[in-house]
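I opened this entry to keep track of what I looked up, starting with the core and moving on to the sheets and the surface.

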Amino acid sequence: QLKLGVYYRGNRFDFGLALNSSSFRIFGKGVVAADITANNMLYHGQRIDILANDRQEKLHSVYKTPWSAASGINIDMKRGQLGIAVQYYGSLKLYDILKAKPAAFVRPQQAYPDIGSDDFLRVKTGNKSVVNWTVAYEYILNSKFTLDLSFRSDNSFFDNSVHDTRGIKPDISTWDIYHVVVGGNVSGRRLSVSTGILYGFGGNKKYEQDGNLDEPSERNFLQGNRTITKASYYSIGLLFGVTINFNKKS
């Protein structure tokens with residue numbers, strides 16, 4: 001990946017700009033496997049046992065990262081400093097990270113003759129373009145104490161069209177999450193202590209269920225009637241850090 005950065009330092013503000021190219025593949029190998037068993041399933045009016053199993057190693061792998069651009073500015077104020085940063089990530093069309101070679105996957109084969117290993121054992125992903133940003137402020141009480149406040153976004157780049165394809169989907173968060181940090185710092189001659197509270201919140205208004213146990217049915221492999229629902233996310237944590245400065249020998 002190619003990276004280019006520019007940084008400017010002024011009397012009242014600092015400014016930076018960074019550009020990252022899309023990634024270049026050099027080499028990569030991977031393993032993909034699945035083992036699914038269903039006993040006494042009702043299929044076309046008769047009870048049968050179904051096995052879907054395969055494992056393939058040393059497969060050609062491709063993992064891509066999109067191009068991105070980031071910019072930030074720090075503004076010096078009388079009693080503090082304000083920082084603002086924005087980062088943009090480009091999109092990536094759906095592609096296969098791993099794809100198995102053609103082979104029988106379902107047994108008995110007549111149960112699902114149109115599904116082979118090359119169709120089911122493929123790891124697909126894609127990225128939608130996304131913008132994330134952050135704002136932070138540090139207030140200087142005196143030479144030893146500072147108060148800090150920050151707010152940042154963590155918007156998901158997950159492409160919902162992955163749900164419409166066969167294969168194995170990577171476990172990537174589909175939620176847009178926002179983080180707030182409130183804390184302070186105490187500085188000494190050789191020791192600095194930082195403490196704070198971290199709070200995160202977010203959600204997904206169109207969250208697709210992986211399964212629904214209320215009404216399981218054999219016609220959909222006991223997954224139930226999956227629906228689109230609303231999901232919420234909350235988290236809280238404590239921040240504690242210690243920095244020790246050692247004397248350097250000349």
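**Core.** I began with the largest nonpolar core, which has 21 residues; Val32, Ile50, Phe105, Val106, Ala111 and Leu121 touch the most other members. The model is a predicted one. I then listed the elements that give two or more residues to this core and got β3, β4 and β7 (92–99). The largest share comes from β3, with five residues.

Which residues is valine 106 in contact with, leaving aside its neighbours within four places in sequence? I found Ile50, Leu51, Ala52, Ala111, Tyr112 and Ile115. Of these, Ile50 and Ala111 are also among the core residues that touch the most other members.

**Open sheet.** Next I checked how β3 and β4 are placed. They belong to an open sheet of three strands, ordered β3-β4-β8, with antiparallel pairing. Why is one side of β3 and of β8 left without a neighbour in the sheet? β3 (29–43) and β8 (106–107) are the edge strands and each has a single partner strand, so one side of each has no neighbour there. I noted that valine 106 falls within the range of β8.

I also looked up the pairing of β3 with β4 (residues 46–60): the two run antiparallel and are joined by 12 bridges. Tyrosine 43 has glutamine 46 of β4 opposite.

β1 (3–9) and β2 (13–20) are the elements that give two or more residues to the patch. The largest share is that of β2, with four residues.

Phenylalanine 13 lies in strand β2. Its relative accessible area is 37%, so phenylalanine 13 counts as partly exposed, the class between the 20% limit for buried and the 50% limit for exposed.

β12 (residues 176–187) and β13 (residues 191–208) pair in the antiparallel sense over 12 bridges. They form a hairpin, with three residues between the strands. Glycine 183 has glycine 196 in β13 as its bridge partner.

How many bridges join β13 to β14 (residues 228–244)? I found 16, and these two strands run antiparallel. Glutamate 208 has isoleucine 228 in β14 as its bridge partner.

Note on methods. Residues numbered from 1 in each chain as written. Predicted model: local features only at pLDDT ≥ 70, side-chain atom pairs only at ≥ 80, totals over all residues. Heavy atoms only, no water. Pairing = 2+ DSSP bridges. Buried < 20%, exposed > 50% of the residue type's maximum accessible area, 1.4 Å probe, protein only. Core = buried A, V, L, I, M, F, W, Y, C linked by side-chain atoms within 4.5 Å. Contact = heavy atoms within 4.5 Å.
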